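Please read it with the model open.

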Amino acid sequence: MASNTIHNAPGDIAIVRATVDDVPAVLHLLDTAVKWLASRDRTGQWGAGPFSENPRRAEQLKEFATTGHGLWLAVKVADGTAMDQNQPSNTLSKTVGGETPGSIIGALAVGERMPYVTPVSESELYVRLLVTDRQWAGNGVGKRLLGHARDLANGAGVSLLRVDCYAGGDGKLVQYYESQGFKRFENLNLEGGWPCQVLAQHLHEVELSCSRFTSITLLSKTGSSYNRRDPCFTCAISKMTPEGVEVEAGLHDSNHNTTRTISDSSFFREHRASTLPTPAEVRAINKESGNIRGTRFNRPPPVEFPSVGLIIKYGADTTVTEAETQNMVYNQLKGKVPVPEVFGWTEDGGQVFIYMSLIAGEPLEERWGALNDDEREAVCKELNGMAKAWRLLEQPDQVLYVGGLDNQPLNDIFLSGHRDLAGPFYGADAVQKFQNGCDIEIDGEVPVVFTHDDLVPPNILLSPGTNPVIAAIIDWAQAGWYPAYWEYCKARRVRPNPEDFDEDLHEEWKTRYLPTILDPVDDETVYHPWLWFVLSKGI
């Protein structure tokens, strides 16, 4: 138990990993909160009925305790005196580290986002539950638990933390999360008319202070001519499990060359250097940069060598299939679709390193709001031609299939928790097999086309200055052979960074501009059945 306990000095608040045995204690906290709210005629949030009388609530808490990043308890550690056996009924006991007794005064659950919330194109953890004992109000219990949620996100190499809460009444709950550094992301009206506010916090903007660290400001990578927020790297979650923890690195690459140097690439033709940097050299640069994300295993920041026009994407979430796919697209669509040239790749210590050309460009999501109508339409026209080009790529084999490059499984983030649906699926009925597995009810014959599968504003780089053109389409990690409707549905569903792409811009992007880039599909017969699959799988 000690390894799952944080800051357990006597007389302080410890954060302890809960088990299913602790579910009754959490239900007790929730029951007390409901009672307190009801006593003030505030039943809109959680109603008036005790959580402990609803079996579904208990099952949900058990799920929180055994999946994702777990269920955590805030425990007020005893100060050396025996615990008061007559303690308030809403405060239960818990042993910390197998030794020190304490009182449970709060609970936190962290995992994947809730299924009713719009997905985003960057890695995230989601606060699924936060409840504290009212008798400890004003003692920073909620703040301490949210700090632990940030620690979990940091440890998982995640850049975004989101939460949702009741948005009715006096709005003080929303204001509380704003006071903790969260910003409003989207408003939802859930079943029964329950007003819901989703809030988000980017960890590179948060100054953390906790018992294990001095005050540290997490900064995004600066000075990058490739992409100031590195969305193709730090926002890629192509292989996260439903629990959002360690992934099966290289799962799809067993039949591929784990090391390749492309000797006829421009890097070597132009004699920029005799060799590519070694993995050890790349890691050392990140470690010495002072960037707190530099030592992350799954998704560290990319490393640039501007003098030789080189950028290196690496990590456990990076795959050889991604490198090979990007290399294929670069070679087959040269002059039609700008893609960073791949100079080589290698696998080392459970991480894959992709060496590619450094592109001078800015992400569309950061430029879009400042572009005029003519500039926007010109960009969309360019994108339309590029999308048509990659959708016309032919499968190399005679047998039709739904899957990744070279008969690999699909690497779509929406399938990451459902590997049985990733294929590949073969034959004339490949699409039907795939749809049957996903429970997508779309009638009629659907062609299979090559799909980027993450065509969102962060992955579209624009040239600097006025009248921008497309500098590059990046992040081919999820690309593969999908049903023709998948590209549009996915692009419509994924939400860009709300700081650069607010709700109005996103709505206009989806309704006005996206249909000019990709052929739209009918809502009733195609998009809604596809969306049902996404929501029903808890994606």
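The protein has 14 helices and 23 strands. Helices (H or I, at least four residues) and strands (E, at least two) are DSSP runs, numbered from the N terminus. This is a predicted model: local features need pLDDT of at least 70, side-chain atom pairs count only at pLDDT 80 or more, and totals for chains, interfaces and linings use all residues. Residues are numbered from 1 along each chain as its sequence is written, and side-chain values use heavy atoms, with hydrogens and water left out.

Of the 539 residues, 56% count as buried. Buried means under 20% relative accessible area, exposed over 50%, and partly exposed in between (1.4 Å probe, protein chains only). Among contacts (heavy atoms within 4.5 Å) between residues at least 6 apart in sequence, 70% join residues at least 24 apart.

**The largest pocket**

The largest pocket has a volume of about 1600 Å³. Its lining holds 50 residues, and Gln-45, Trp-46, Leu-130, Tyr-166 and Leu-173 are the closest to the centre. The search ran on a 1 Å grid over the protein atoms alone: a pocket is an open set of points where a 1.4 Å probe fits, with protein on both sides within 12 Å along at least five of seven lines, and lining residues have an atom within 4 Å of a point. Grid points are joined across faces, edges and corners, and the volume is the space filled by probe spheres set on the points.

Which element gives the most to this lining? Strand E6 does, with 6 residues. Elements that each supply at least two lining residues include helix H1 (23–38), helix H2 (55–66) and helix H3 (141–155). By class, the lining has 26 nonpolar, 13 polar and 11 charged residues. Here Ala, Val, Leu, Ile, Met, Phe, Trp, Tyr, Cys and Pro count as nonpolar, Asp, Glu, Lys and Arg as charged, and the others, Gly among them, as polar.

Ser-159 sits in the loop between H3 and E7. Ser-159 is buried, at 13% relative accessible area. Its C-alpha lies 6.0 Å from that of Glu-124, 35 residues away along the chain.

**Helix H8**

Helix H8 (residues 320–332) has 13 residues and reaches 18 Å from first C-alpha to last, close to the 18 Å expected. The expected span is 1.5 Å times one less than the number of residues. In H8, 11 of the 13 residues are buried, so the helix is largely enclosed by the rest of the structure. The cover over its buried residues includes strands E12 (260–261), E14 (310–315) and E20 (448–451).

**Aromatic pairs**

There are 22 aromatic pairs. Rings of Phe, Tyr and Trp (its six-membered ring) pair if their centres lie within 6.5 Å; planes under 30 degrees apart count as stacked, over 60 as edge-to-face and the rest as tilted. Two pairs share Trp-486.

| Pair | Centres | Planes | Class |
|---|---|---|---|
| Phe-434 and Trp-486 | 5.4 Å | 50° | tilted |
| Trp-486 and Trp-530 | 5.7 Å | 85° | edge-to-face |

Phe-434 lies in helix H11 and Trp-486 in helix H12, so their pair ties together parts 52 residues apart in sequence. Trp-530 lies in helix H14, so its pair with Trp-486 links parts 44 residues apart in sequence. Phe-434 and Trp-486 are both buried, and Trp-530 is buried too. One aromatic cluster includes these three residues along with Phe-414, Tyr-482 and Phe-533.
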